[in-house]
Structure formats: structure tokens, C-alpha cells
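Subject: Structure handover

Hello,

Please find the structure below, with notes on what turned up in it.

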Amino acid sequence: MNAPHPNTFFVAPGGHLQGRLRVPGDKSISHRSIMLSALAEGTTEITGFLQGEDSLATLNAFREMGVNIEGPHDGHVTVHGVGLHGLKAPAGPLYLGNSGTSMRLLAGLLAAQPFDVVMTGDDSLSRRPMKRVADPLSLMGACIETSEKGTPPLHVRGGAHLKGIDYVMPVASAQVKSCLLLAGLYADGVTSVTEPAPTRDHTERMLMGFGYPVECKNGKICVGGSGGKLIATSIDVPADISSAAFFMVGAAIAEGSDLTLEHVGINPTRVGVINILRLMGASIEISHLRQSGGEPVADIRVRSSHLRGITIPRDQVPLAIDEFPALFIAAACAEGETVLSGAEELRVKESDRIQVMADGLVALGIDARPTPDGMVIRGGGLSGGPINSHGDHRIAMAFAMAALRATGPVMIDDCANVGTSFPGFVELARAAGLGIVGDNRQP
Ligand code: S3P
């Protein structure tokens, strides 16, 4: 059982980060580990599983569909797969909390089942766009309905006969790609997805790890359906680079820091945060590079550095899409101007991350100007002050790190959702040197 997640963070100004630590397991890989092992034939052992609310929402959804899952105990999960055709109708709607990944990936999988399902979520998830999966799934023959605004709840009608399509994605989205590949496992013929820019490829890697053939060539990913099977395996989930990113930024901005993050997944489709911080002048050393369960992992050492503002290369945007809240804090501490464009997707994450981050930076005295698809930030001195995270886990953790360079305390509201991706954040950050205290008081 996880401890309750604090609703408010109080962070004392100053300090630095040091030592060695391992952040929790990768959220994207944890979701997929449950989904694919549930559909496999045989028993899969997962280690390093993220015991955060998002990946637990996926785990519970599969339990509700009749899959016998033991754990999680200290990141260890045993999944007794039911095969591609062994899922059972859940007794009621599947509630997926804050987790867009659960809902979008499950949409593809459930579109092919013989039973009806309704998927719901919390206030934030209930505002997020779902047509991006519903539309291409309908082209495959699925019967799936959103609200009039194109948002959850999602009603998926069973018994549809899916056929493979050739889909060119209008947005670079790993969730849409993965949704269609999962539907493609059940479709007649070949399903192909072409991405406008590379996005995280954990689904493709893991499908191959389960012995399912996937072809990837020039940004086009193909799976064949009807007839194949997944064979149980073992999965070691690396530490999440998206969670490590807060500590990387914290160590880079706080004078006197020297921090090593252990066993971090450094899949090439996820390393935008390293590339961007290095372009800004951060001292980052990668060591002990190895393979773990089909994914590259390494230790990452970050030392405090003099950061400079940059124009962020557009090709890095999908590779760092979840790390911009942290990167905006780095930009606020850099000398000169940082310009981000081509990142309109940030407006439809757990919150509108462009507006919410700009508001928070301005509240701390930084010149931050939001644009429709990015932000212009002029580095400067950070004051303390109150921050509303709008219930967005990554906004809360980013501003916690900002306190390392602030002249006064930073108080962050609405932080309970940090538990969706990073249970134990407060304790780990405090052990590394951040003056953070969590509180369960309601604002
Ligand atoms: C994810 C893909 C990304 C990312 C999200 C997790 C995934 O979303 O922002 O946190 O696990 O596939 P998009 O695919 O919508 O960019």
C-alpha cells in the first residue's frame, strides 16, 4: 500500500542535490508491460514496475477483465496471461483516473473485443481529446463513441470486425500509434502507422520481446493481425527518464550539485531532455550503458552548470514532450532567452502546460511569454511564492525544483497527482537535498 500523497508542497529556498538515487519505474513501459503480458500465453514476471496511480489504473482494468495478476510487491508483478482472445467483459465502466495512456491504448485493444466497455476518467482526463484515437479506429471498423466535444467517456461497442489500415498520423503521438498497433493485432491484413516524427517506441520493442513480428522502416510501423500470438517473457522496467528529468534539472541549476541517477531508461526516442540540457551547457555524463529487457539503460551524472538560453530544435520536441515543465525551469535559470515552438501538444496534456507553466514562472518573477505552440523565457532571478499546479504532477515537481534557485519559499497547491507517476517524490527529493515538505491539508 502506498502512503497518501501530499496535497501541498512547501519548499525552502536554496540548497543543492547530491548522491546517487534511483527514481521509480518508467510509466510508459509499465503500462505496456501489463497490457502485453495480459494478452500473452503463459506467465510473465515484471520487475521495476511503477506503483503509481496511472499504471495501477491499467493493472486494475485488466483485473476487471478477468486477468489474474499478483502484486505489485516492491515493483514485482506476476501476470498470468489469458491470450489475445481471453479477456472477459468487466462488470462496470473502467475508471482510469488521470491516465491518458491507459485510455488511449485500451481503446485500440477494446475495439476488437467481443464485449462492450465504457471508459471514464477524472476531471483532467475527461477534458482530453479522444477523437485522435476514435477516428482512426472507426476507419478500421471499430464502433467507438466519445462525448460531443470528442472527450471521455469512451463507449466501445464489442463485436466489431477490424480491418488493417494505412494511417498517416497528423500528430506525433506514441499513444495513437500504440492504440492502432494494438487494434492491428486483431485486424484482418496489415495495419501500418506512419509518424510525422519519431515518438517513443516501447510498444514496438515490447511486442517484439513477446515474439510478435513488427516491421519499422522510415517512420512506418506495420503489424499483421489475426492469427499471431504473444508469448510470455520477463520484463525489467528501467527507471523513468521523465521522473529523472526533475532531478537532472535540479542538479544542473543548483550550485554545488553532483547527482547520479541510476538505471535510467535512455531509449533514443526519450532522450530529448538530455540533448536539450546539454545544448544549454549542462554537464551530463552517461555511464554503465547496458541493455535491459530490450531497452537501453544507463547511469546519468549531472553536475551544476552555467546554463545558457537556446532555441530548442524542433526535432527534439517529441523526444522531450513530457519534460518541458522541468526544462522551462532550466530556461528560467539560464542566461538569456530560451525559445520553444512546435509544441502545441503541451496544451492538451494533464493540464495546459504552456499556460500553467507560464503563469507559475511569472508568479516567481520570470519573464515568460506563452505562444500558441510554445514559450519564450528570459532567464532571471526567481522569487518565492505560491504556485497552482492545476493538479498536474509534472508542473508540481518542476516548481519544487525551482525552489533550489529561489530567494524565498515556494508553496505548491494541488499536488496529490504526483502519485500518478512518482510515488515517494517528496522523500527521494528530500534525501537528495531539496528542502521539501509535503502536507495533506486541503487548500
Ligand atoms: C505516452 C506518450 C506521450 C506522453 C505520455 C505517455 C505513452 O503522449 O506524453 O505521457 O506512454 O505512449 P502522446 O503520445 O500523446 O504524445
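Does H263 count as buried or exposed? H263 counts as buried because its relative accessibility is 12%; buried means under 20% relative accessible area, exposed over 50%, and partly exposed in between, with a 1.4 Å probe and protein chains only.

Two notes on how to read the rest. This is a predicted model, in which local features need pLDDT of at least 70 and side-chain atom pairs count only at pLDDT 80 or more, while totals for chains, interfaces and linings use all residues. Residues are numbered from 1 along each chain as its sequence is written, and side-chain values use heavy atoms, with hydrogens and water left out.

Backbone

H263 sits in strand β15 (residues 258-265), and its phi is positive, near 55°, although the residue is not glycine. Helices (H or I, at least four residues) and strands (E, at least two) are DSSP runs, numbered from the N terminus. N218 also has a positive phi without being glycine, near 45°. N218 lies in the loop between β12 (215-217) and β13 (220-224), and counts as exposed because its relative accessibility is 79%.

Two cis peptide bonds are worth a look. One runs from G71 to P72, with omega near 5°, and P72 belongs to strand β4 (residues 68-73). Another runs from P152 to P153, with omega near 5°; P153 is in the loop between β8 (143-145) and β9 (154-157).

Helix α8

In α8 (residues 272-279), the buried residues are G272, V273, I274, I276 and L277. Their cover includes α7 (241-253), β16 (283-292), β17 (295-303) and α9 (324-332), where contact means heavy atoms within 4.5 Å. After α8 comes G281, with a positive phi near 105°.

Largest pocket

The largest pocket has a volume of about 620 Å³. A pocket here is an open set of points on a 1 Å grid over the protein atoms alone, where a 1.4 Å probe fits and protein lies on both sides within 12 Å along at least five of seven lines; lining residues have an atom within 4 Å of a point. Points are joined across faces, edges and corners, and the volume is the space filled by probe spheres set on them.

The lining has 36 residues, and A172, S173, I321, E345 and K349 lie nearest the centre. Elements giving two or more residues to this lining are α1 (27-39), α3 (100-110) and α5 (174-184); α1 gives the most, with four. By type, the lining has nine nonpolar, ten polar and 17 charged residues; nonpolar covers Ala, Val, Leu, Ile, Met, Phe, Trp, Tyr, Cys and Pro, charged covers Asp, Glu, Lys and Arg, and polar the others, Gly among them.

Salt bridges

The count is 26 salt bridges, each a side-chain nitrogen of Lys or Arg within 4 Å of a carboxyl oxygen of Asp or Glu. In one of them, E350 pairs with R128, the closest N and O atoms being 3.9 Å apart. This pair links distant parts of the chain, 222 residues apart, and both E350 and R128 are buried.

R290 and D299 form a salt bridge at 3.6 Å, N to O. R290 is partly exposed at 23% relative accessibility, whereas D299 is buried at 8%. R369 pairs with D367, the closest N and O atoms being 3.1 Å apart. Salt bridges that share partners also join R128, R200, D322, E350, R353, D392 and R394 into one network.

Regards
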